[in-house]
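Have the sequence and the model at hand.

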Amino acid sequence: MTDPNQLELIAEELLAIFGIDHPPIPIEIMLQRPKPNMWQEVNITDLSVGFLRTGGPFAPRMSLARLLARHVLNSPWGDEHGLRELLKDDKTEEGLRSFARMLIMPGGMVRNLSVVARNPVSMSAHFEVPEEDARQRLKEVVTESS
């Protein structure tokens with residue numbers, strides 16, 4: 001099983017490298033301007049419309065977050081941080097989806113929200129993610145904190 005605490009630390013380290021300390025997380029910029037020893041630049045305009053999941057105004061951001069998670073996993077940086085090893089016993093796709101949610105809704109930022117704002121509707125607006133992903137992330141953060 002994937003160690004969510006270790007994945008959280010890796011996500012937080014990656015965001016710190018990019019100097020990101022508040023939402024919304026600039027997933028597009030991270031893909032387009034990787035730091036040295038990471039992944040190849042991604043030209044977002046080359047992505048097909050079919051790649052970007054539809055279903056609300058923020059659905060494409062989650063598609064890009066999953067793309068970023070894949071790039072991190074397959075990068076030298078990801079290898080140095082043992083991402084493949086962490087995700088090997090998990091269903092790869094679900095592990096990547098979870099890691100993508102960690103990148104776009106970092107645990108520390110979720111925990112820093114007021115109690116009133118810790119609900120799927122508020123988190124959706126705050127992090128610019130679909131409500132369903134915010135709901136799932138809330139469950140993950142509560143489980144990790146337990």
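Which residues are linked in a network of salt bridges? They are Glu8, Glu94, Arg101, Arg137 and Glu140. The model is predicted.

First, the fold. The protein chain has 9 helices and 0 strands. Of its 146 residues, 46% are buried. Contacts between residues at least 6 apart in sequence join residues at least 24 apart in 62% of cases. The chain exposes about 7,600 Å², with carbon and sulfur atoms supplying 54% of that area.

Next, the charges. The whole structure holds 10 salt bridges. Three of them are tabulated here.

| Pair | Closest N to O distance |
|---|---|
| Arg61 and Glu28 | 3.8 Å |
| Arg61 and Glu128 | 3.9 Å |

Arg61 pairs with Glu28. That bridge links distant parts of the chain: Arg61 sits in helix H3 (residues 59–73) and Glu28 in helix H2 (residues 27–32), 33 residues apart. Arg61 also pairs with Glu128. Glu128 lies in the loop between helix H8 (120–127) and helix H9 (131–145), so this pair ties together parts that are 67 residues apart in sequence.

Glu28 is partly exposed, at 27%. Glu128 is partly exposed as well, at 28%.

Arg101 is buried, with a relative accessible area of 5%. Glu94 is partly exposed, at 37%.

Notes
Residues numbered from 1 in each chain as written. Predicted model: local features only at pLDDT ≥ 70, side-chain atom pairs only at ≥ 80, totals over all residues. Heavy atoms only, no water. Helix = DSSP H or I, 4+ residues; strand = E, 2+ residues; numbered from the N terminus. Buried < 20%, exposed > 50% of the residue type's maximum accessible area, 1.4 Å probe, protein only. Contact = heavy atoms within 4.5 Å. Areas by Shrake-Rupley, 256 points an atom, 1.4 Å probe, with all protein chains shown as cover. Salt bridge = Lys/Arg side-chain N within 4 Å of Asp/Glu carboxyl O.
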